[in-house]
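I am opening a notebook page to record what I look up in this structure, entry by entry. I will begin with the overall layout and then turn to single residues.

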Amino acid sequence: MAEEHRCQAPRLCANNCGFFGSPATQDLCSKCYRDLQLKEQQSSSAKLVLNQTLVPPPSVLPPVVPQPSSSSSSSPVVEPVAAPSAPSVAEEKIGSQPNRCASCRRRVGLTGFKCRCGLTLCGSHRYPEQHECGFDFKEMGREQIAKANPVVKGEKLHKI
């Protein structure tokens, strides 16, 4: 088989770019073959995106509750969605100034520490005991341990 490739005369690229092509690359040079592959990949990704945009997921529509026939209005009732509770004004002020310590209001600049409860603190208030942190470290630890060590339970043996 190697002898067959040696005996064949080199063919010019099918795109007439001046370089030689090979049958393995559809008689294209390496640059033209790479460009062809790139165009095919882009067209296939465009088709995929087009298909995804044409079929919207069914969960996007809001749930509509049918109205009993005894009421007088004829419009369908849309079930209200529970909105997340808004943070208090004090939390908004603390969060709006990330360059100040939440406990002592000292400027921290680039050296501020971000706590897991979401506050920015200075070096002396960075520990949870110093700023009355509301984050539950024990629960976070329990969740990490439970996630890292799943319960392994063997199958029961059938008695003969």
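This is a predicted model: local features need pLDDT of at least 70, side-chain atom pairs count only at pLDDT 80 or more; totals for chains, interfaces and linings use all residues.

**Entry on the layout.** Reading from the N terminus on, I write the order of the elements as α-β-β-α-β-β-α-β-β-α.

**Entry on the chain as a whole.** I looked up how much of the chain is covered, and of its 160 residues 10% count as buried. The accessible surface comes to about 14400 Å², and carbon and sulfur atoms account for 58% of that surface. I also checked contacts with a separation of 6 or more in the protein chain, and residues 24 or more positions apart make up 4% of them.

**Entry on the salt bridges.** How many salt bridges does a search of the whole structure find? The search returns three, and I went through them in turn.

The side chains of Arg-11 and Asp-27 form a salt bridge with an N to O distance of 3.2 Å. Arg-11 sits in strand S1 (residues 11-12), while Asp-27 belongs to the loop between strand S2 (20-21) and helix H2 (30-54), so this pair ties together parts that lie 16 residues apart in sequence. Arg-11 counts as partly exposed, because its relative accessibility is 41%, and Asp-27 also falls in the partly exposed class, at 25%.

Asp-35 and Lys-31 meet through their side chains in a salt bridge of 3.6 Å, N to O. Both residues lie in helix H2, four residues apart, which is about one turn of the helix. I noted Asp-35 as partly exposed, since its relative accessible area is 35%.

Glu-139 and Arg-142 are joined in a salt bridge as well, at 3.5 Å from N to O. These two residues are both in helix H4, three residues apart, again about one turn of the helix. Glu-139 is partly exposed, with a relative accessible area of 32%.

**Entry on the cysteines.** I looked for disulfides and found zero in the structure. Cys-13 is in no disulfide, and its nearest cysteine sulfur, that of Cys-17, is 3.7 Å away, whereas a disulfide would need two cysteine sulfur atoms within 2.5 Å. Cys-133 is likewise in no disulfide, with the sulfur of Cys-115 as the nearest one at 3.6 Å. Why does Cys-13 count as buried? Its relative accessible area is 3%, and buried means under 20%. Cys-133, at 18%, is buried too.

**Entry on the nonpolar core.** Which residues make up the largest nonpolar core? I list seven residues: Cys-101, Ala-102, Val-108, Cys-115, Leu-121, Cys-122 and Cys-133. In soluble globular proteins, nonpolar side chains tend to be buried together.

I then followed Cys-101, leaving out residues up to four places away in sequence, and its contacts are Arg-106, Val-108, Thr-120, Leu-121, Cys-122 and His-125.

**Entry on His-125.** I found His-125 in the loop between strand S6 (120-121) and helix H4 (137-148). His-125 counts as buried because its relative accessibility is 17%.

Technical notes:
Residues are numbered from 1 along each chain as its sequence is written. Side-chain values use heavy atoms; hydrogens and water are left out. A nonpolar core is a set of buried Ala, Val, Leu, Ile, Met, Phe, Trp, Tyr and Cys residues joined through side-chain atoms within 4.5 Å. Buried means under 20% relative accessible area, exposed over 50%, partly exposed in between (1.4 Å probe, protein chains only). Contact means heavy atoms within 4.5 Å. A salt bridge is a side-chain nitrogen of Lys or Arg within 4 Å of a carboxyl oxygen of Asp or Glu. Accessible areas come from the Shrake-Rupley method with a 1.4 Å probe; for residues, only the protein chains shown count as cover.
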